[in-house]
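Please look through the sequence and the model below before reading my notes. The points that follow are meant to be read with the structure open beside them.

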Amino acid sequence: MLKGYGAVILDGAWLTLQLALSSMALAIVLGLLGVALRLSPVRWLAWLGDMYATVIRGIPDLVLILLIFYGGQDLLNRVAPLLGHEDYIDLNPLMAGVGTLGFIFGAYLSETFRGAFLGIPKGQAEAGAAYGMNGRQVFFRIMVPQMIRLAIPGFTNNWLVLTKATALISVVGLQDMMFKAKQAADATREPFTFFLAVAALYLVLTSVSLLALRYLERRYSVGVKAAEL
Amino acid sequence: MIFDYTVVWEALPLYLGGLLITLKLLAISLFFGLLAAVPLGLMRVSKQPLVNAPAWLYTYVIRGTPMLVQLFLIYYGLAQFEAVRESIVWPLLSSATFCACLAFAINTSAYTAEIIAGSLKATPHGEIEAAKAMGMSRMKMYRRILLPSALRRALPQYSNEVIMMLQTTSLASIVTLIDITGAARTVNAQYYLPFEAYITAGVFYLCLTFILVRLFKMAERRWLGYLAPRKH
C-alpha cells in the first residue's frame with residue numbers, strides 16, 4: 001500500500017519523536033526559568049519574563065521557526081568569521097528545530113507553570129514554614145509536588161500542541177515524517193495515501209500521550225477529593 | 001546587525017496586501033467554523049451514543065493531527081482521486097485559497113465544538129431545573145436558556161481559539177498564498193534579509209493579536225458583565 005515507503009516514513013516518525021521529546025525537555029527548562037523571572041519580586045526581571053511570554057505567544061510558530069532558522073543561520077555566519085571560523089555554517093535542522101520549538105513552548109509552559117504555582121493556597125507554604133522547614137524544603141516538598149498536579153492539564157495541552165507543531169519543522173528541511181511523506185507523495189503521485197498515513201501516526205502519538213498523561217494526572221491527584229456531579 | 005528600514009518600507013504594500021489576505025482567511029474560516037461548531041457541540045453533549053460518537057470521533061481526529069497534515073490532505077491529497085478531478089467542485093478544490101479556508105474551517109470547528117460542549121456542560125443545574133419547571137420543551141430550553149448562556153460563557157476560551165486561528169492562517173503561506181507570512185517569505189527570498197522580513201511579519205501579528213484581545217475584552221464586558229466581580 002505504501003509502495004515500500006513505509007520504512008522511510010517510520011524513520012521520519014522516529015525523528016519526529018526525538019524532536020518532540022528534546023524540544024519539550026528544553027521547553028521545561030525555559031518554562032521554569034520564565035516562571036522564575038515572572039514571579040520574581042525584582043520588577044525588571046518580571047517584566048523580562050512577561051515580555052518573553054507575551055511576544056512569543058503573539059507570533060505564529062511558523063514565523064518564529066522561519067525567523068530563528070534563517071535569521072539564526074545568518075547571524076551565525078556573520079559572527080563566526082569574527083571568531084576565526086572561515087567556512088560557511090549550515091544549521092543542523094534537528095538542532096535548530098529543537099532550539100526553536102523549545103524556545104517557543106518555553107513561553108507557553110511558563111504560563112502554565114505560573115498558573116499552577118499561583119493555584120497553590122498560600123496557607124500551604126505558611127504551614128510548611130510553621131513546621132520549621134526552610135525555604136528550599138518548602139519549595140521542593142510542598143510547592144513542587146502540588147504544582148505538578150495543577151500543571152498537568154495545561155502541560156498535556158502544551159505537549160499535544162508541540163507534537164503537532166513539529167510538522168512545521170519540515171518546512172525548513174528537517175527530514176521528519178512530514179518531509180518523508182511529501183517526498184514519497186511526489187514520487188508516487190499518491191499524496192492522499194501518504195499524508196493519511198502520517199495523520200494516523202500523529203494520531204497514535206497524541207493518543208498515547210493523552211493516555212500516559214491522564215494516568216500521571218490520576219497518580220498525582222491521589223490525595224485530592226473530587227466531588228461527584 | 002543593522003535593521004534595514006528601506007527594504008521594509010519598500011515592501012510595505014506587499015505586507016499590507018498580505019494583511020488583507022490573512023484577515024480574509026481568518027474571517028471566512030472562523031465564520032464557517034463557528035457555523036459547524038454549534039451543532040457539533042450540541043451533538044457532543046448528547047447522551048445518545050449514536051449522536052455523540054460521530055462528533056467525538058470528528059473532534060478527536062481533527063484535534064489529534066497537525067493542521068499542516070490536514071491542509072496537505074486537502075490541497076495535495078484530494079487530487080489523487082480521478083473522481084475528484086472530474087467532479088464539478090474541482091475548480092474550487094484546485095484553488096489554494098479555497099483549500100486553505102476549508103482546512104482552517106474544519107480545524108477550528110473541531111476545537112470550537114469542544115469549547116461549546118464544555119460550556120454547555122458547565123451550565124448551572126439550577127438554570128436547567130428552572131427551565132424544566134417552567135414547562136419548556138427541549139428545543140425551547142436550548143434556544144432560550146442553554147445556548148445563550150453557554151455561548152456567552154464560552155467567550156474567553158473562544159478568544160484564545162480565535163488568536164490560535166490567526167496564527168494558524170500563517171500556514172497558508174506554505175500552499176503559495178501571500179498572506180503576512182507569505183509576504184515575509186517573498187521579501188526574504190528577494191533580499192536575503194531574514195531578520196527584517198520576519199520581524200516585520202511578527203510585528204504585524206503581534207498588533208493583530210493585541211487588537212483581537214482588546215475586542216474580546218470589550219465583548220466580554222458587554223456580554224459577560226453579569227459575571228464580573230462587583231466594582232466598588
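Among contacts in chain A between residues at least 6 apart in sequence, what percentage join residues at least 24 apart?

1. The share is 75% in chain A, where two residues count as in contact if their C-beta atoms, placed from the backbone, lie within 7 Å. For chain B, the corresponding share among contacts between residues at least 6 apart is 76%.

2. Please keep in mind that this is a predicted model, in which local features need pLDDT of at least 70 and side-chain atom pairs count only at pLDDT 80 or more, while totals for chains, interfaces and linings use all residues. Residues are numbered from 1 along each chain as its sequence is written, and chains are lettered from A and ligands numbered from 1 in the order in which they are written.

3. Chain A has eight helices and zero strands, and chain B has twelve helices and zero strands; here helices (H or I, at least four residues) and strands (E, at least two) are DSSP runs, numbered from the N terminus. Along the principal axes, the C-alpha atoms of chain A fill a box of roughly 70 × 55 × 25 Å, and those of chain B a box of roughly 70 × 60 × 25 Å.

4. Of the 229 residues in chain A, 38% are buried, and buried residues also make up 38% of the 232 residues in chain B. A residue is called buried if 20 or more other C-beta atoms lie within 10 Å of its own, exposed if 12 or fewer, and partly exposed in between, with C-beta atoms placed from the backbone.

5. The contact between the chains takes 31 residues from chain A and 30 residues from chain B. On the chain A side, helix H3 (61–79), helix H7 (177–188) and helix H8 (191–220) each supply at least two residues, and that side divides into 22 nonpolar, four polar and five charged residues. In this classification Ala, Val, Leu, Ile, Met, Phe, Trp, Tyr, Cys and Pro count as nonpolar, Asp, Glu, Lys and Arg as charged, and the others, Gly among them, as polar.
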